[in-house]
Amino acid sequence: MSRIVYVNGAYLPEQDAKVSIFDRGFLFSDAVYEVTAVLNGKLLENEGHLSRLMRSCAELQLRLPVTATELENIQNELIALNQLREGALYLQLTRGCSGDREFDYPPAHVTPTLVLFTQSRPVINSVKAQTGISVVSVEDIRWGRRDIKTVGLLAPCMAKEYAHSQGADDAFLVEDGMVTEGSACNAWIVTCAGVLVTRPLSNRILHGITRKSLLLLAENHGIPFEERAFSLEEVYCASEAFISSATSFIWPVVNIDGKPVGEGVPGPVTQALRKIYIDMALQATA
C-alpha cells in the first residue's frame, strides 16, 4: 500500500506528491528538517524536536506556516493514516519559491513549503544496537552552523559513503584533531575511568534531542559525565564509544579506523544507558 504523505495542507498518496522545481529547498538547500522517532504509534520526544525546529527557523528567518499545535496534529494524522507503529516521521520546511531561481530571499508573502512523511523501521530491536558498528575518521568539511538542522547534507553523505567504501558503517567527523560528531549523530566515548564524554553545545555540533535526554538520564542514574571536546586519540584509547540519534537511540561503536574500541564489543556503560533510555521511551509512549 502506498504511503500517505503531507504536502502544503494536503494528504496525498506518495506518487501524487509534487513540489515545484523552483522550490528553494531543491535549488539552494534553503530548508530545515526534523526526524522524530515513532514508538507504539506515538511520537517520542516531539516537544524537543519542534522546539529545535523553531530555533532553526528563527536562525534562518524562515517562516513556519502552521502553529506548533497544528503541526503536531498533522504528524499524528500521518501516523494514523499510515498505521505506523514503529519508525520515524520526517518533516521538511523550505522557504518556498517565487517563480524563478534567484539568490535573494523571496518576498514575505511567498508561502513556505511544508512536507512530511513516515518511515517504517525497527527502532528498539535494531541489529546494530546489539552487534555495534564500525566507524572511520573523516575530516569534517561541513559549514560553520551545524547547530541549525538544514537539509544541506552532502558532506555527511560523502562521509558515510567513504565509510562504506572502507567496509565501515559510519564516520566520526574530525576537525583540528577533535571529534565533532558522526555523519548524522552525536558522538560519545567512555573513558577508562568510566566517565561519559560528549562535546558541549556550540555552533560546531547539532544540539541533539536524544543527546540532551541521555545526559539527564546519566545524571539521574549516577553515571559520571563531562561535556568537553575529545580527540581522535582519546577514542582510540577509550573503553567504550557510541553514537546517539533520534532513531538509533544508542548504537555502540566497537571499531574505529580498523582498531577495536575497548574490548571490541558493546560495553557495559553503553548497554546500561541504552536500556535506561528505552525504558524511558516505552514509558513515555505507553
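Buried denotes a relative accessible area under 20%.

**Figure 1. Buried residues of helix 6 in the predicted model.** The view shows helix 6, which covers residues 209-220. Its buried residues are I209, T210, R211, S213, L214, L215, L217 and A218.

**Figure 2. Fold and dimensions of the whole chain.** Eight helices and 16 strands make up the secondary structure. The radius of gyration is 19 Å, close to the 19 Å given by the globule rule for 286 residues, so the chain is as compact as a globular protein of that length. The C-alpha trace spans about 55 × 40 × 35 Å along its principal axes. Of the contacts between residues at least 6 apart in sequence, 72% join residues at least 24 apart.

**Figure 3. Surface, burial and charge of the chain.** Of the 286 residues, 50% count as buried. The accessible surface comes to about 13,500 Å², and carbon and sulfur atoms account for 54% of this area. The side chains include 25 positive and 33 negative ones, with the centres of the two sets 2 Å apart.

Terms used: Residues are numbered from 1 along each chain as its sequence is written. This is a predicted model: local features need pLDDT of at least 70, side-chain atom pairs count only at pLDDT 80 or more; totals for chains, interfaces and linings use all residues. Side-chain values use heavy atoms; hydrogens and water are left out. Helices (H or I, at least four residues) and strands (E, at least two) are DSSP runs, numbered from the N terminus. The expected span of a helix is 1.5 Å times one less than its number of residues. Buried means under 20% relative accessible area, exposed over 50%, partly exposed in between (1.4 Å probe, protein chains only). The radius of gyration is taken over C-alpha atoms; the globule rule is 2.2 Å times the number of residues to the power 0.38. Contact means heavy atoms within 4.5 Å. Accessible areas come from the Shrake-Rupley method with a 1.4 Å probe; for residues, only the protein chains shown count as cover. Lys and Arg count as positive and Asp and Glu as negative; His and the chain ends are not counted. The place of a charge is taken as NZ of Lys, CZ of Arg, CG of Asp or CD of Glu.
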